[in-house]
Amino acid sequence: MDSSVPLVLLLLMCSSIMVEAQLKVYDLRASNLPTVILLTTDAYVTVSCGSTSLGKTSVRYNDPNPWWNEEFSYFYAEENDTLTLEVYDLDLLFDDQLGVCQRQLKVGTYQHDCFLTKGGTLHYTYTLG
């Protein structure tokens with residue numbers, strides 16, 4: 001018997017334990033974002049997986065119910081990594097954080113609603129696999 005066959009099988013088994021998969025985050029939208037002194041929110045979202053920033057959306061000006069068409073992909077995501085989405089209101093001096101959404105990733109496609117600490121809800125979809 002060829003001694004390289006068991007080695008190949010062992011390598012295949014070990015590599016299947018820590019499978020990296022593509023993460024895709026999309027369909028980001030918010031509803032009922034807060035209004036402060038007659039000013040509606042100028043919202044954007046930052047997206048990260050673990051300690052890796054995947055980027056941020058464009059700013060949606062004067063819209064309490066924004067929708068973003070950006071998609072974020074990450075090829076090195078693993079099941080149980082933490083997906084973090086932070087919603088901000090763009091301001092002149094510093095941007096106000098409206099809330100943080102965190103979730104441990106699972107293989108498959110999921111839609112989630114996240115209630116923001118300063119009001120409103122972030123809706124998003126992700127696929128891992």
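Is His112 buried or exposed, and at what relative accessibility? His112 counts as buried, because its relative accessibility is 16%. Buried means under 20% relative accessible area, exposed means over 50%, and partly exposed lies in between (1.4 Å probe, protein chains only).

## Basis of the model

This is a predicted model: local features need pLDDT of at least 70, side-chain atom pairs count only at pLDDT 80 or more, and totals for chains, interfaces and linings use all residues. Residues are numbered from 1 along each chain as its sequence is written, and side-chain values use heavy atoms, with hydrogens and water left out.

## His112

His112 sits in strand β8 (residues 108-115). Strands are DSSP runs (E, at least two residues), numbered from the N terminus. The His112 side chain makes a polar contact with the side chain of Arg103, at 3.2 Å. A polar contact is a pair of N or O atoms within 3.5 Å; within protein, one must be able to donate a hydrogen and the other to accept it, and residues adjacent in sequence count only if both atoms are side-chain atoms.

Leaving aside residues up to four places away in sequence, His112 touches Arg103, Leu122, His123, Tyr124 and Tyr126. Contact here means heavy atoms within 4.5 Å.

## The open sheet

Four strands form an open sheet, in the order β3-β2-β6-β7. Their pairing is antiparallel. β3 (52-56) and β7 (96-104) stand at the edges with a single partner strand each, so one side of each has no neighbour in the sheet. Neighbouring strands are turned by 20° against each other on average, direction ignored. For such angles, axes are lines fitted to C-alpha atoms, and values run from 0 to 180 degrees between N-to-C directions.

Strand β2 (residues 43-49) is joined to β6 by seven bridges. Two strands pair if DSSP finds at least two bridges between them. Ser48 has Thr84 as its bridge partner in β6.

## Asp89

Strand β6 (residues 82-89) includes Asp89. Asp89 is buried yet has no salt bridge. A salt bridge is a side-chain nitrogen of Lys or Arg within 4 Å of a carboxyl oxygen of Asp or Glu. The nearest side chain of opposite charge is Lys118, 8.4 Å away. Lys and Arg count as positive, Asp and Glu as negative; His and the chain ends are not counted.

A polar atom of the Asp89 side chain lies 2.9 Å from the backbone nitrogen of Asp42. Beyond four places in sequence, Asp89 touches Thr41, Asp42, Asp95, Asp96 and Leu98.

## Trp68

Trp68 lies in strand β4 (residues 67-68). Trp68 counts as buried because its relative accessibility is 0%. Its side chain reaches the backbone oxygen of Ser58 at 2.9 Å. Trp68 and Ser58 are ten residues apart along the chain, with 7.3 Å between their C-alpha atoms. Not counting residues up to four places away in sequence, the contacts of Trp68 include Leu28, Ala43, Val45 and Leu122.

## Salt bridges

How many salt bridges does a search of the whole structure find? The search finds two. In one, Glu71 pairs with Lys24, with the closest N and O atoms 3.8 Å apart. This pair links distant parts of the chain: Glu71 is in the loop between β4 and β5, Lys24 is in strand β1 (residues 21-31), and 47 residues separate them. Lys24 is partly exposed, at 30% relative accessibility.

Arg29 forms a salt bridge with Asp27, and the closest N and O atoms are 3.9 Å apart. Arg29 is partly exposed at 35%. Asp27 is partly exposed at 27%.
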